[in-house]
Amino acid sequence: MAAGRLPGLLFLLHAAARLAAEQEVENLSGLSPNPEKDIFVVRENRTTCLMAEFAAKFIVPYDVWASNYVDLITEQADIPLSRGAEMKGKCGTNESELEISWLERAYTLKLFFLKEGHNTSRGPEAFWRLSRIQFAYDTSERTYFKDAVSPGKHTASSHRLSALVTPAGKSYECQAQQTISLISSDHQKSVQLLLSEVRIQPFDITADFVFSEEHKCSVDQREQLEETLPLILGLILGLVIVITLCVYHIHHKLTANQVQIPRDRSQYKHMG
């Protein structure tokens, strides 16, 4: 019986080894000049299939005893995503995932991406979005939690999330800070995820380690417009001034070359 199971066991081990060889995950955060920014890459079959770079911080409320040891008060833990975090990912045609853990798995962030089609006035179009977020944390971890009441593990999750909506084949880019609210299993407390300097593409990467054309968030587009609008208005104003001066110069030159007709009729005898 044991001999009969051996080939099957060897096959499973071979398949697992092959899968591990075909999928690679790389934390390239050390390449970022910003110490708060992380870079993650998932590769399958020696091809990049998911890339993500962003700065992230969680604001997590938790209970501690008041000085009278009778009442509870709420404190706040600010938890940054640490460099050197462990990661793994999964790439699919329409669904992709990225999982990041740090501080000996006291904290784990899971991002779920979904690609789907929509009918628009221009016809069917495909988009991808961040469809779900899960953040697992342990209030017994003492780096960020101090004297938490009933310390233990909790999970904060998104509810009906549709974020980072981007046309298929493009990467999402947003330098501005974004806030996403999560609901915790710890008495339904609200956990805030702060994201900034975001560049993500979970589908349709055509070049290894290279993002596709970016789709900027509305905040970045508005800030870019606010930066360029004064320049555009200045150029228009300068052009109007130049045109006005040119018209005045031409008019002055034309009127200077015309014969001046005296208003006093007695001077007509001197003309001709």
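This is a predicted model: local features need pLDDT of at least 70, side-chain atom pairs count only at pLDDT 80 or more; totals for chains, interfaces and linings use all residues.
1. Let's begin with strand E2, residues 37–44. Seven of its eight residues are buried, so the rest of the structure largely encloses this strand. Keep E2 in view, as several of the next points return to it.

2. E2 has strand partners to look for. Strand E1, which covers residues 23–27, pairs with E2 in the antiparallel sense over five bridges. E2 and E3 also run antiparallel, and eight bridges join them. Val 41 in turn has Met 51 as its bridge partner in E3.

3. How many residues lie between the strands in the hairpin of E2 and E3? There are two, and in this hairpin Asn 45 takes a positive phi near 55°.

4. Next come the charged pairs. Side chains of opposite charge can pair when their charged atoms come close. In this model the count comes to 15 salt bridges. One of them joins Asp 208 to Arg 43, with the closest N and O atoms 2.6 Å apart. This pair links distant parts of the chain: Arg 43 belongs to strand E2, while Asp 208 sits in the loop between strand E13 (190–201) and strand E14 (214–216), 165 residues apart. Are the two partners buried or exposed? Arg 43 has 8% relative accessibility and so counts as buried, whereas Asp 208 is partly exposed, at a relative accessible area of 34%.

5. A second salt bridge to visit is that of Lys 189 and Asp 63, at 3.2 Å from N to O. Lys 189 is in the loop between strand E12 (178–184) and E13, and Asp 63 is in strand E3 (residues 47–65), so the pair ties together parts that are 126 residues apart in sequence. Both Lys 189 and Asp 63 are buried.

6. Glu 214 and Arg 199 form another salt bridge, with an N to O distance of 3.9 Å. Because Glu 214 lies in strand E14 and Arg 199 in strand E13, this pair ties together parts that are 15 residues apart in sequence. Glu 214 is partly exposed, with a relative accessible area of 34%, while Arg 199 is buried at 17%.

7. Why is Ser 196 called buried? Its relative accessible area is 17%, and buried means under 20%, so Ser 196 falls on the buried side of the cut-off. Leaving aside residues up to four places away in sequence, Ser 196 touches Phe 54, Ala 55, Cys 174, Gln 175, Ala 176 and Gln 177. Of these contacts, Phe 54 and Ala 55 fall within strand E3 (residues 47–65).

8. Finally, turn to the surface. Which residues form a nonpolar patch there? They are Trp 65, Tyr 69 and Leu 72, with about 380 Å² of accessible area together. Tyr 69 is placed in the loop between E3 and strand E4 (72–80). With a relative accessible area of 64%, Tyr 69 is exposed.

Conventions
Residues are numbered from 1 along each chain as its sequence is written. Side-chain values use heavy atoms; hydrogens and water are left out. A salt bridge is a side-chain nitrogen of Lys or Arg within 4 Å of a carboxyl oxygen of Asp or Glu. Helices (H or I, at least four residues) and strands (E, at least two) are DSSP runs, numbered from the N terminus. Buried means under 20% relative accessible area, exposed over 50%, partly exposed in between (1.4 Å probe, protein chains only). Two strands pair if DSSP finds at least two bridges between them. Contact means heavy atoms within 4.5 Å. Patches are made of residues with over 30% relative accessible area and no salt bridge: like charges are joined within 9 Å, nonpolar side chains (Val, Leu, Ile, Met, Phe, Trp, Tyr) within 5 Å. Accessible areas come from the Shrake-Rupley method with a 1.4 Å probe; for residues, only the protein chains shown count as cover.
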